[in-house]
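Here's a quick tour of the structure below, starting with one chain on its own and then moving on to how things pack.

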Amino acid sequence: MTAYVVRRLLWLPVLLVIVIFITFVLGTYGPGDPVEVRLGTKANPEAVARLRTQMGLDRPFVVQFADYVGGVVRGDFGDSYRYQGRTVLELILPRMWVSAQLNLAALLLVVAIGIPLGMAAARFQGRWLDPAIVTGIVFISSLPVLITGPLFLLVFVVLLKLVPSAGWGGLFDTRIIIPAVAIAVPGLALIVRVMRTSTLEVLSQDYVRTAYAKGLTPGIISRRHVARNAFLPVLTMLGFSVAGLIGGTIIGETIFGIPGIGRLAFESIFNRDYPVIMGITIIGAATFVLANLLIDVAYTFLDPRIRY
Amino acid sequence: MVEPVQNPAEVARRRPAQGHWSRAWHRLLGKKVALASLVVIIGIYTSGIFAPLIAPYDYSTQDLTQTRRGPSLEHPFGTDRLGRDLLSRVIYGLRTTVIVSVASVVSGALFMGVALGLVSGYFGKRVDSLIMRTGEVSAAFPEILLLILLAATMRPRILDFVRGIEDSFGFRGLVQTGIVDYFVIALAVAAFSWFGMARLVRGQVLSLRSAEFVDAARALGAPTSRILFSHLLPNISGLIIVVITLGLGGAAGSEFILSFLGIGVQPPVPSLGAMVAEGFGIGNLSLLRQYPHLILFPIGVIFLLLFAFNLLGDALADVFNPKTR
């Protein structure tokens, strides 16, 4: 197992450098000549030449890329095009904290509601309610944040006036509830579905029958034998949930006016602020890759049957 | 006297035709939910493809005396901020959805995904690791971030390139009608979606590669292409159909998001995502309070499409699953 973890850890920096490379090439040269992007096509040649030297674009490509990677490692993603004199990191850091809180709330909702719901759904297999539950899961999975967001905003904020208005007040403010639910809903479907399937599988195992045979109460069997074993496949899915949440946050924050990293991404697309888009992409990808690595490693600790 | 049987082929022909596909089709017909979803999808796709014939008005005709009207007999979905008929715009928006999702799924998942998955699983070794590592890199980006990065950075460059071609050859229309936009988004979605399919196909091929019928084919001297396409592919076609169905829904959702973020198809060409962004008036709740129909209709239609695709995909997975047969 140590060998497996070491192998994954060695592959990690390679993967991240490739991710940075793709982001760097697309972000710097994708839109066209970076100097032209900033100054327009009709700028005077002197200014163009000055900016080119200032941005270091007259150096060989390899040097530029190495410089960028070195910067990223130190947390320096360059300066924003739009906000003069502010570094990308300065813009991203405070917003990352906001997004982390929103994501945490959504993830907690997904786990706290999805797992019991999945187990309950498994209990109904073969009964009259079963098709309704399965259809319900498909229904929820057809509701991306771009549908739940505007809809919840319309119903709960505008029509029912349950919360004052859209906006942000931190993790313990009532205004976080509706965005968190809107972001959690699409992820919920995945977790309920996987939890239902894996619970069904565990319920048919011999050790569950043994547990019943030796007279354990259904409550203890469900907690000790079923829930723990059925949770393992869900853990893998949580990695995908993290990716979904990152995506969901971009839409959710834009819709609900939350000053997080997703909203920054949205604004940066409009402002053509490529260094910021690059920074967000790299941080998002790194978070996703690390989350998956942690989950895979946690898996081996939680399930002693797994040996890599 | 009973007529003696002359040859086995004759016998096979006399048996009622119950091939793999017709059995699957009959099982699907037995599911009411699947049929209903199929009807919804066909309905939505037809109205998208034949938008100019079906839409009651042109998508860009403005009537500034009738802006943001609610639903009426004349305009069943109401009108938008420029007095354009919302129903017609939704129908033309569906055309965008259909073009982008079909183009990206066919090029990404169906062609690239299946081909690379077959090659990767069958040949193994270096080819396999090269394809799988490349896929892992694309899967390292959360989907939306990669889509944003590709669409936001490639779009201006490709637009300039096509404008240059238009100028030098003296014709117009490619950029204006949004064909270039379709191309960019389809490309971005395809770049992300091939890997999921490739990984699944590879897994299936790995388990079938050493099956007896493959060994038999190889022993009879069948060329590799024949083994891949005539022996392996038919065995995984069920799975491919399920993934394609779900993928079409997923691509429709991705296009919806990209055009909402403003990096999809550009105005005046309508798209459902851009309509939501416009009707929503980001940061301005009064618009939502007064004219909810501006977002409810586009959202309702896209939901119907996604729901139908997911239900159909679910039913197909059931139909093709050998365990439930």
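Predicted model: local features only at pLDDT ≥ 70, side-chain atom pairs only at ≥ 80, totals over all residues.

## Chain B on its own

Along the principal axes, the C-alpha atoms of chain B take up a box of roughly 85 × 55 × 40 Å. Chain B has 325 residues, and 44% of them count as buried. Take the contacts in chain B between residues at least 6 apart in sequence: 70% of these link residues at least 24 apart.

## Where chain B meets chain A

On the chain B side, 41 residues are in contact with 41 residues of chain A. The elements of chain B that each supply two or more residues to this side are helices H6 (125–140), H7 (143–169), H10 (224–260), H11 (272–280), H12 (285–290) and H13 (293–320). H7(B) gives the largest share, at 12 residues.

What is the side of chain B that touches chain A made of, by class? It has 30 nonpolar residues, along with five polar and six charged ones.

## A helix pair in chain A

Over in chain A, helix H5 (residues 88–123) and helix H11 (residues 261–271) have axes that come within 7 Å and cross at roughly 130°. That angle is why H5(A) counts as oblique to H11(A).

From H5(A), the contact uses A:Leu91, A:Ile92, A:Arg95, A:Met96 and A:Ser99, while H11(A) brings A:Ile261, A:Gly262 and A:Leu264. Sorted by class, the residues of this contact are five nonpolar, two polar and one charged.

Methods. Residues numbered from 1 in each chain as written. Chains lettered and ligands numbered in written order. Contact = placed C-beta atoms within 7 Å. Helix = DSSP H or I, 4+ residues; strand = E, 2+ residues; numbered from the N terminus. Nonpolar A, V, L, I, M, F, W, Y, C, P; charged D, E, K, R; others polar. Buried ≥ 20, exposed ≤ 12 C-beta atoms within 10 Å, placed from the backbone. Axes fitted to C-alpha atoms, helices over the stretch in contact; angles between N-to-C directions. Parallel < 35°, antiparallel > 145°, perpendicular 65-115°, else oblique.
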